[in-house]
Amino acid sequence: MPATARTLAPGAEARLGREVPVLDLGFVQPIDYMGTDEDIVQAARVSYGPSTRKLHDDRGLLRYLMRHRHTTPFEMCEVKFRCKMPIFVARQWIRHRTANVNEMSLRYSEAPDEFYVPELEAVTLQSTTNKQGRDDDTSLPAEQREQVRQLLRARNELAYADYQHLANDLGIARELARTLLPVSLYTQWIWKIDLHNLLHFLDLRLDPHAQIEIRVFAEAMAEFVRDWVPHAWEAFVDYRREAVPLSRLEARALGRLLAGDNEPAAIAAAGLKGRELQEFEHKLARLRELAR
């Protein structure tokens, strides 16, 4: 390995350049990073001036920063990924506007004949309680799931044949011919982001309610982050991913429970109802599970 004056993370070095397969044709490939756990704590200590003594060990200070939401030191670390995903996943992904992105252009290059077709188990009904999600409880016959896959595959093939006819046979401009391609088409981009905003992305997209097709990309990225900044990842899991945050009303209800009220009385006193009540009951179930 060439000599370098910058800090290196052995876990990240071992993963650089490796494509991690995601979905049927996609991947996540870490291609560069800057900074380590050490750089996070050094960025925090500079606030006190050059003569500062180490009042905390690195891990303890890093956990303090995460626990108290001192986010700036985490912005000192950055990572760059090359990713390949269906366009509909990219359109969700781009909502995280805190990254630097450069995407493959279908004005300059010919569209690849690569389309996402879900696995059988990913073909489900629309949820009746979540307007933007799947129904994971209702089972569909395998034959019906396969019919859906065949329909998707047939439409992809037809759309691509029409695209080829426009762009190649008729010589229509690629920027126009591309307009009939479906969002299941695969695209690629280079995505660079700092650690603070990456952890926010992961916190949202690792959630079980996130669409599975973007969640699997977040899972692949999380594996890299775990090896890149292990102490930051540990603090993130302890204080963000596995934490149980409480609203003011939820804290009031929990306080009444600890004071001896039964659950209906505590909930009534706090004024919880509807969706908020359902979320509080879910948090209580998690807390009871942790207490076992």
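Mentor: Ala, Val, Leu, Ile, Met, Phe, Trp, Tyr, Cys and Pro count as nonpolar, Asp, Glu, Lys and Arg as charged, and the others, Gly among them, as polar. The model is predicted: local features need pLDDT of at least 70 and side-chain atom pairs 80 or more, while totals for chains, interfaces and linings use all residues. Residues are numbered from 1 along each chain as its sequence is written, and side-chain values use heavy atoms, without hydrogens or water.

Trainee: How do the residues lining the largest pocket divide by class?

Mentor: There are 18 charged, 15 polar and 12 nonpolar residues in that lining.

Trainee: What makes a residue part of the lining?

Mentor: It has an atom within 4 Å of a pocket point; a pocket is an open set on a 1 Å grid where a 1.4 Å probe fits, with protein on both sides within 12 Å along at least five of seven lines. Here the largest pocket holds about 2000 Å³, the space filled by probe spheres set on the points. Its lining has 45 residues, and Asp 207, Pro 208, His 209, Ala 210 and His 282 are the closest to its centre.

Trainee: Why are E2 and E3 said to pair?

Mentor: Pairing takes at least two DSSP bridges between strands, which are DSSP runs (E) of at least two residues. Strands E2 (residues 26-34) and E3 (residues 78-86) have seven, in the antiparallel sense, so they pair. Asp 32 stands opposite Lys 80 in E3.

Trainee: How many bridges join E3 to E7?

Mentor: Nine, and E3 and E7 (residues 186-194) also run antiparallel. Val 79 faces Ile 193 of E7 as its opposite residue.

Terms used
Helices (H or I, at least four residues) and strands (E, at least two) are DSSP runs, numbered from the N terminus.
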